[in-house]
Amino acid sequence: MSSSAASPAALTEPETVGDISQPPSSGEVLWDRVFRRMTLGIAGFTVFLTIYVVIRIGRVALPAINSYGAGFLTGTTWDANRATFGVLPAIAGTLYSSILGLIGGTLFGLAIAIFLSERFLSTGLENLFKRLGLEGLGFWATFPDRIENFLRVTIELLAAIPSVVYGLWGVFVVIPAIRPPSQWLYTHLGWIPTFGTSLSGPGLLPASVVLAIMVLPTISAISRDALVAVPPKIREAAFGIGATRWEAILAVFLPTAATGIFGGVILGFGRALGETMALAMLAGNANVLSWSIFSPANTLAALLANHFPEAGGVEVGALMYAALVLLAITLIVNIIGTIILQRADAALKGLR
Amino acid sequence: MAATVNKTPVEPEVDLPQLQRSLRQPRLLFSYFMSLMTGTATVVAMFPLFSVLYLLIKRGGASLSAAALTELPPAAMMTGGGFGNAIVGTIIIVLLATLIAVPIGILAAIYTAEFGPETEFTRWVQFSAKILTGLPSHSPPLSSSQGDSRLLLGRSPWRF
C-alpha cells in the first residue's frame, strides 16, 4: 500500500498488465456456457433429426409393415392395383448398382488421389523443363503446380453437377456409347450370367457408370487428404531402404492411409445407396431379378421417386416401408464400416 | 603384407550395375507402368465433366437467350417464354437451406471437435450425420430443400 501511494508512475504499468490478464467477466463466462450448451444442443439436434425421420417414416409405414411383414422383403412384384408389394428386385438392384459403381469409383478415385498426392506430374514436368533449360523461369516455375491444381479442381467439379444433369448425360451419352461393346459381350460371352441379356437402353450398367462418376470426387478428395497426411518420416524411411515409388505406395503409404481412404469409400457407398434422380432415369424401373449387368433394374430410391407422386392409400404405406428398408441398409453399411474403421485404427495406432 | 592392404578396396562387394535404374528390372518396370496407369485414370476421369459441358452447350446453347432466363414458362400449346421462375426458386431454396444447414453443421462440428471429442455422444452425432447423408432426397417427410441441407449437415462433422 505504501509503495503504490509513494509513486503513481510505477503504479500504471502493473495495472495495465492486470487489465490484460484479468479473470473473465461474468458476461464472458455466461457466453462461454451458453455457447457450449448451444453446440451440445445442436449436436443433439442432429441425432434427434435422424431419429425423428425414422419415426415419421415408421409411423406411416406401420400399417404396411403389419399387413405385409417379412414377405415384403422377398416379394418380386410391385402392383398398386392388386395391392401386392415386394421390394426384393429393388433391394438387389440398389446393392448391385451401388457396389458396381463403388468399385469403379474407388478404382478411379484412388488412382487420381495417388496421382495428385505423390506429385507424379510435377516431378515429370520439372524433369522435362530441366532438359529444355526452362527450369525456374517465371511462368514455367509454377506451371506444374498450377496444372496439378487445375486437375484437382476439375475432378472436384464433378461433384457439382446436379443429379438430373447426370441422368440426362447418361441417356444421351453413356447409353449410346456403351451399347456396341455390351452387345459384343452379350453375343460372344453371353453364357456368363453377368452378360446374360442384351442392353435395350436403360439398365444396371449405365446406372453404375454414372454412379461411379458421382462417388468418384468424394473418394478421391478424402483419399488424397489421407495420403497427403502420411507422416514424412514414414515416406522417407520407405525410400531410404530402396523401395521404388510404387513399392513404397503399395506397401507403405496406402496401408498407412487406409483408414482415411476406407472412410471415403464408406461415405461414397452411402451416397450411392441414396442416389435417386439419375438412377430413376437410367436404371430402367423394371422389377427384374437378374445377374446380368445389361438388364433393366430398379433401386429403392428410384422406386420411391417414381411411385410416390401418384401413390395413394396402401401404396404410400408400402413406399414408406421401402424407405425404411433403404434406411436399414444404409445403417448396416455404416455400422460395418465403423467397425472395420475402428479395427484398422487400432492396428495402425503404433504408426502415428 | 602390402598386398593384403591393396586387395581389400579393389574387390567391390556390391554388384554396381544392379544398383542402377533400368527398365529391365521388373520392379522398376512395374513402377513406371503403374504411374502411367494412374495418369491415364486421372485424364479419363476428367472426360465426363467435359462431356457433360459439351452435351449441355450443344443441345441447349442454341435456345439460350435473355428471354429464356427471365420470362415465365409459356401456357400450354404456346411457344416462347422461359424458366426465370425456376432460377429464382433455385436461388431462394438454396439460400434458405444454406442458412438453416450451415449454423447447425458448424455448431455440431465445433461440439464434436472441441468440447466433446472421443465421447459416446460424439460418436452418435457423427453416426447420425452419416446416416443423414445416405437418406434418399425423395423421402417425402423431407422436402427437396432439405435434400440439399442434408449434404451440408452430413459433411461438416465428418471432415473435422
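Author: A:Asn285 sits in the loop that links α12 (277–282) to α13 in chain A. Helices (H or I, at least four residues) and strands (E, at least two) are DSSP runs, numbered from the N terminus. The model is predicted: local features need pLDDT of at least 70, side-chain atom pairs count only at pLDDT 80 or more, and totals for chains, interfaces and linings use all residues. Residues are numbered from 1 along each chain as its sequence is written, while chains are lettered from A and ligands numbered from 1 in the order in which they are written.

A:Asn285 is not a glycine, yet its phi is positive, at about 50°. Is A:Asn285 buried or exposed? It counts as buried, with 22 C-beta neighbours inside 10 Å. The cut-offs are 20 or more other C-beta atoms within 10 Å for buried, 12 or fewer for exposed, and partly exposed in between, with C-beta atoms placed from the backbone.

A:Arg119 also has a positive phi, near 55°, and is a residue other than glycine. This one belongs to the loop between α5 and α6 (120–132) of chain A. A:Arg119 is partly exposed, with 14 other C-beta atoms within 10 Å.

Back to α13(A). Six of its eight residues are buried, so the helix is largely enclosed by the rest of the structure. The buried ones are A:Leu300, A:Ala301, A:Ala302, A:Leu303, A:Leu304 and A:Ala305. Across chain A, buried residues are 39% of the 352.

Now the chain as a whole. Chain A contains 14 helices and two strands. Its radius of gyration is 29 Å, well over the 20 Å from the globule rule for 352 residues, so chain A is more spread out than a compact globule. That radius is taken over C-alpha atoms, and the rule is 2.2 Å times the number of residues to the power 0.38. The C-alpha trace spans about 100 × 65 × 40 Å along the principal axes of chain A.

Next, the partner chain. Contact here requires C-beta atoms, placed from the backbone, to lie within 7 Å. By that test, 52 residues of chain A touch 45 residues of chain B. α13 (300–307) is among the helices of chain A that each supply at least two residues to this side. The largest share, 14 residues, comes from α3(A). The side of chain A that touches chain B holds 36 nonpolar, 11 polar and five charged residues. Nonpolar covers Ala, Val, Leu, Ile, Met, Phe, Trp, Tyr, Cys and Pro; charged covers Asp, Glu, Lys and Arg; the others, Gly among them, are polar.

One helix pair spans the two chains. α11(A) packs against α3 (residues 26–60) of chain B at about 75°, with axes 7 Å apart. Axes are lines fitted to C-alpha atoms, for helices over the stretch in contact, and angles run from 0 to 180 degrees between N-to-C directions. α11(A) and α3(B) are therefore roughly perpendicular. That class covers 65 to 115 degrees; under 35 is roughly parallel, over 145 roughly antiparallel, and the rest oblique. A:Arg245, A:Trp246 and A:Glu247 meet B:Arg27, B:Phe30, B:Ser31, B:Met34 and B:Ser35.

Within chain A, α8(A) packs on α9(A) at about 125°, with axes 9 Å apart. That makes α8(A) oblique to α9(A).

Conventions. Two residues are in contact if their C-beta atoms, placed from the backbone, lie within 7 Å.
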